[in-house]
Amino acid sequence: MAVRLRLAALGHTMERGKVVEWYATEGAPVEQGAPLYSVETDKATVDVEAPAGGVLLRIDAEVDREYPVGATLAWIGESGEDLPEKTDETVAAPAAVSDDQRVTPVARRLAERRGVDADRLAGTGPGGRVTKEDVQRAIDAGTAPPLEKKASGEPEHDVIPLTPIRRVTAERLSAHWAGAPQVTEGIDIDMTDMRAFRNASRSEWRTAYGLVPSLNDILLKAVAAALEAHPALNSAFVDGEVHRYREVNLGVAVDVEDGLVVPVLRNAAKLDLGQIATAAADLADRAKTGKLSVPDFEGATFTVSNLAALGVDWFTPVLNPPQCAILGVGRMRRMPAVVRNEVAVRDIATFVLTFDHRALDGAPAARFLARLKRLLESPDPSLFSGPGG
Amino acid sequence: MTLNAELSRRIYTDMWRIRLFEEEALRQTSLGSVKGTLHTYCGEEAIAVAVCAHLRDDDYVLGTHRSHGHCLAKGAPMDRMMAELFGRTTGSCRAKGGSMHIADFSRNILGANGIVAGGIGPGTGTALASKIRKSDQVSVVFFGDGAAARGPFHEGLLFGSLWKLPVIYVCENNGYQQWVPRRNVAVVDSVADMAASYAIPGVSVDGQDLEAVYGAAEEAVARARRGEGPTLIEARTYRFYGHSLGDMEEYRSREEVDDWRENRDPIKLFSAWMKERQWLGDDEDEAIQTEVKAEIVRSVTYAEESPLPSPEDVMTDVLDDEWRVSA
Amino acid sequence: MRTIALRDALREALHEEMARDDSVFVIGEDVIAHGGPYTVTQGIVDKWPERIFETPIAEAGIVGLGVGAALAGMRPVVEIMYVDFITCAMDEVVNQAAKMRYMTGGQASVPIVIRLPCGPARLVAAQHSQIMESWFMHVPGLQVVAPSTPYDAKGLMKTAIRSPDPVAFFEYKALYVSEGEVPEEDYVIPFGKADIKREGEDATVVAIGGMVPRALEAGIALEDEGYDIEVVDPRTLAPLDMETICESVRRTGRVVVCEMDSSFAGTGAEIAAALAEQCFHDLRAPIVRVGSPHVPMPFAEELVNVTVPDAKAVANAVRKVMA
């Protein structure tokens with residue numbers, strides 16, 4: 001039975017060694033205890049004696065190549081003995097990897113973020129992978145190849161930087177969304193009679209106000225009146241306290257090119273319909289021409305967001321902090337409805353109210369919606385004609 | 001230096017300082033002013049004073065858990081020692097060490113040591129420092145007979161002898177290792193005999209006989225200063241009080257203690273020895289004791305008037321907080 | 001910059017400090033012959049024959065003498081051949097070196113460096129493979145240092161030698177031959193400053209001493225799975241830079257604490273507890289510790305391989321906190 005010679009650990013810190021010389025050739029007799037080979041460790045060169053006598057059957061370890069401790073160096077036995085096949089036990093170079101795995105995902109993340117073409121970097125990771133360190137090193141050294149625009153195909157997406165309005169909207173709404181438990185209630189309001197009332201009042205209004213208020217103006221007037229009757233909805237939740245406002249300042253959401261702006265219609269409950277219509281028109285004009293200034297946006301106590309013009313049936317508005325409620329108005333739809341036990345074609349709009357449940361419960365919110373419904377479905381000339389009160 | 005009248009009176013005064021300091025400290029434990037325990041040196045005074053009489057201010061002394069005597073003999077200020085026992089911020093160790101760790105680095109008194117034989121390695125190390133620096137400072141390590149059983153005693157003597165370090169090992173063999181008579185736990189009677197294993201001189205002397213200790217120490221210190229290496233001195237002695245506070249002393253007889261106190265008190269013996277030579281009159285003797293008593297009273301007053309530590313003091317002195325590494 | 005092995009970096013630090021300060025000296029077993037088993041003290045005897053002491057095999061004496069010399073103003077660098085042997089001198093380390101400044105009310109300074117080659121290497125089993133950092137961390141008055149790179153080894157050794165207080169300097173035997181860039185000039189690394197050995201954003205891996213290269217290896221392997229780990233090396237365990245560790249954990253929200261020693265009552269336990277106290281609300285997954293099982297180091301390679309945590313163990317722990 002042949003004896004396998006292995007590389008021994010010859011020092012406290014030796015992990016690998018290099019045979020620098022064999023003192024016998026393959027097929028030569030060796031004597032137990034006679035120097036057989038010389039090995040260079042990290043500290044010194046040491047002669048190693050043959051651990052057994054016999055014939056040096058085969059030398060597996062090539063001179064001047066590094067082997068790990070424990071590697072097979074040679075075989076001693078009797079002539080003609082069968083030996084296991086030689087295996088390469090040199091300190092291994094890592095196996096190569098295929099091209100599509102060549103850059104680690106983490107390295108690619110960094111490379112893309114920094115605009116570096118990682119595919120053109122040399123890799124030092126296992127199997128020649130390009131690692132994050134390789135990318136970072138190239139960036140630090142200023143040798144990183146830039147990422148060229150893709151030759152074919154469209155980019156997957158365009159990056160749209162946030163406008164200042166978008167950024168503020170995003171930050172404020174997400175902060176409030178995270179902090180406030182929002183509840184939404186909806187109600188269908190039959191606007192048929194209000195439309196008729198408006199048509200009947202046109203000439204009177206033109207005379208009194210110099211213009212014909214829109215249905216939206218009428219809606220704002222009704223909301224202001226309803227809020228005055230239900231002040232719980234005209235409030236804010238600030239630092240664990242409910243602030244109930246004395247004035248009704250309506251935020252009126254206006255869609256402009258850059259996004260949504262919400263200028264404030266001040267003291268709306270004290271304005272008559274004509275004043276509301278004039279003020280709302282002024283705000284909308286200035287919003288569309290970008291002429292609103294900071295004070296125009298401050299101090300809203302309740303917001304009305306009307307998407308009727310955009311053809312939306314209904315939606316759930318999101319609170320505008322720190323206000324406790326917001327009303328979302330959908331488009332008017334001609335649709336069948338039951339009126340006095342008959343099916344009739346009516347103009348129905350869905351009104352959706354979102355409120356901060358920390359400040360109020362569902363019932364007062366429902367009562368507010370009910371009053372709004374009453375005000376809009378049964379037009380009261382004293383409210384919509386003449387000077388406001 | 002020859003033991004002349006003047007030096008003798010100084011040594012004699014120091015013996016009384018040690019004796020009365022400790023008796024006052026014991027008294028203060030009953031008044032609640034001194035807390036913790038005390039290991040008293042009473043009965044062994046001749047050894048510390050006779051050895052330290054040969055030392056310079058820059059020589060090193062390392063002690064044991066029973067080291068009030070070593071500190072006073074090497075020149076530690078008594079008032080600061082008393083303040084330490086009182087747990088005051090003016091104490092030698094700012095109330096962090098107490099009786100068992102009392103130290104005064106300004107006099108190269110590197111500390112009492114609560115670990116038996118704990119000072120032997122470090123004391124040999126201070127001697128190694130002297131050798132490296134080529135200074136002629138010597139080191140003295142005091143330890144009890146119990147320490148001779150411990151490894152650090154043997155390792156310390158080996159290193160001291162191997163490198164011929166200027167160190168004097170002084171074993172105060174008081175016959176008891178806490179509550180156990182040495183004869184029950186030792187295989188050689190004289191600790192000095194152990195010196196032979198380390199090829200250094202071993203001398204056994206009567207520790208109650210000041211002149212004998214003085215002579216042995218004189219030779220040992222001189223030898224160390226000449227760079228000829230260590231000496232092991234065994235001084236046979238006796239502790240007048242128990243091992244520490246509250247010792248019931250069931251392991252020794254009242255007669256034995258009384259006999260030592262009556263016939264083998266080093267202070268009495270040295271007083272008689274001086275008087276025989278006309279170096280000390282009765283009046284002088286009384287004046288010395290009066291002066292020492294006044295010093296004791298002053299030290300107690302100093303301690304009493306010193307501040308107690310404040311809670312924030314607990315976090316200081318773990319490391320040198322001021323230190324920052326600089327390139 | 002040139003690249004040298006960790007043991008060469010330590011040797012260089014010693015030579016530079018001995019040239020800089022006459023009070024520095026070396027004491028230990030076999031420190032002249034071959035410069036010790038790890039060659040760290042090589043060459044000193046040629047330059048400073050009076051400042052290197054080759055001793056009997058008597059660890060209590062070696063450390064005890066070191067403490068005394070330090071008390072007398074010298075700066076001994078003590079080599080204990082294997083950290084396992086320091087148990088023979090624990091009184092000198094704990095009762096003498098560590099407590100002396102406090103016991104004496106700040107009078108004593110014990111500027112001693114105790115070099116403690118540690119950790120598994122070469123299958124030398126239970127009494128030559130221990131690490132024990134946490135033993136020393138637990139003693140007030142000791143500074144505990146565990147470098148993982150040649151750069152840190154040199155800078156920390158120089159700081160250790162200049163420190164006025166005792167230092168237990170842990171040298172992982174398995175790292176002695178590991179190589180890295182080391183400046184030739186004088187530099188120091190302050191104690192209590194952790195080093196981020198790899199930046200990453202998905203999980204923090206706190207790795208100590210010999211675990212640092214394993215954590216870095218795991219970091220590369222985990223890149224394939226899309227996990228980008230941050231490797232924080234505290235470098236000194238006392239003082240311990242929890243600030244840097246917490247800052248990293250607050251960013252990543254996930255943490256693995258790795259040590260090569262038994263994790264029971266170990267270094268990682270202290271770090272994990274401090275993290276739980278200081279960063280609980282930043283954590284998105286429970287803290288995971290990596291360490292040896294609570295057994296003495298076995299002999300057979302098959303047993304050692306399941307005892308000492310490797311890069312795979314670190315990677316598995318990261319997968320656990322990422323899940």
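**Entry 1: C:Pro117**

I started at C:Pro117, which sits in strand 5 (residues 113-118) of chain C. Helices (H or I, at least four residues) and strands (E, at least two) are DSSP runs here, numbered from the N terminus. The model is predicted, so local features need pLDDT of at least 70 and side-chain atom pairs count only at pLDDT 80 or more, while totals for chains, interfaces and linings use all residues. Residues are numbered from 1 along each chain as its sequence is written, and chains are lettered from A and ligands numbered from 1 in the order in which they are written.

Is C:Pro117 buried or exposed? C:Pro117 counts as buried because it has 26 C-beta neighbours inside 10 Å. The cut-offs: buried means 20 or more other C-beta atoms within 10 Å of a residue's own, exposed means 12 or fewer, and partly exposed is in between, with C-beta atoms placed from the backbone.

Next I listed its contacts (C-beta atoms, placed from the backbone, within 7 Å). Leaving aside neighbours within four places in sequence, C:Pro117 is in contact with C:Tyr38, C:Met81, C:Tyr82, C:Val83, C:Glu171 and C:Lys173. I also checked C:Phe169: it is 52 residues from C:Pro117 along the chain, and their C-alpha atoms are separated by 8.2 Å.

**Entry 2: the two domains of chain C**

Chain C splits into domain 1 (3-181) and domain 2 (195-322), with bounds from an automatic or database domain assignment. Their centres, taken over C-alpha atoms, are 26 Å apart. I find 26 residues of domain 1 of chain C in contact with 24 residues of domain 2 of chain C.

Which elements give two or more residues to the domain 1 side? They are helix 6 (133-137), strand 6 (143-145), helix 7 (150-162) and strand 7 (167-172) of chain C. By class, that side of domain 1 of chain C has 17 nonpolar, 7 polar and 2 charged residues. For the classes, Ala, Val, Leu, Ile, Met, Phe, Trp, Tyr, Cys and Pro count as nonpolar, Asp, Glu, Lys and Arg as charged, and the others, Gly among them, as polar.

**Entry 3: cores**

I then looked at nonpolar cores (sets of buried Ala, Val, Leu, Ile, Met, Phe, Trp, Tyr and Cys residues joined through C-beta atoms within 7 Å). The largest has 214 residues, and C:Val256 and C:Val318 touch the most other members. Not counting residues up to four places away in sequence, C:Val256 touches C:Ala203, C:Val205, C:Val288, C:Val290, C:Val314, C:Ala317, C:Val318 and C:Val321. Another core, of 56 residues, lies apart from it, and its members include A:Ile218, A:Val248, A:Val252 and A:Val318.

**Entry 4: which chains touch**

There are 2 pairs of chains in contact, and chains B and C share the most contacts. That contact takes 41 residues from chain C and 37 residues from chain B. On the chain C side, helix 3 (59-71), helix 4 (90-98), helix 5 (100-103) and helix 7 each give two or more residues. Helix 3 of chain C has the largest share, 9 residues. I count the classes on this side of chain C as 18 nonpolar, 15 polar and 8 charged.

For chains A and C, the contact takes 15 residues from chain A and 14 residues from chain C. Helix 1 (residues 105-113) of chain A gives the most to the chain A side, with 4 residues. The side of chain A that touches chain C divides into 5 nonpolar, 5 polar and 5 charged residues. Chain A and chain B do not touch, and their nearest C-alpha atoms are 27 Å apart.

**Entry 5: chain A**

How does chain A compare with a compact globule of 389 residues? The globule would have a radius of gyration near 21 Å, but chain A has 42 Å. The radius is taken over C-alpha atoms, and the globule rule is 2.2 Å times the number of residues to the power 0.38. Along the principal axes, the C-alpha atoms of chain A fill a box of roughly 130 × 45 × 45 Å. Of its 389 residues, 31% count as buried.

The assignment gives chain A domain 1 (3-77), domain 2 (99-141) and domain 3 (164-384). The C-alpha centres of domain 2 and domain 3 of chain A lie 55 Å apart.

Last, I traced an open sheet of 4 strands in chain A, order 1-8-6-3, with antiparallel pairing. Strands pair if DSSP finds at least two bridges between them. The edge strands are strand 1 (3-6) and strand 3 (29-30) of chain A, each pairing on one side only. Strand 3 pairs with strand 6 (residues 54-59) of chain A over 2 bridges, and A:Gly54 in strand 6 is the bridge partner of A:Val30.
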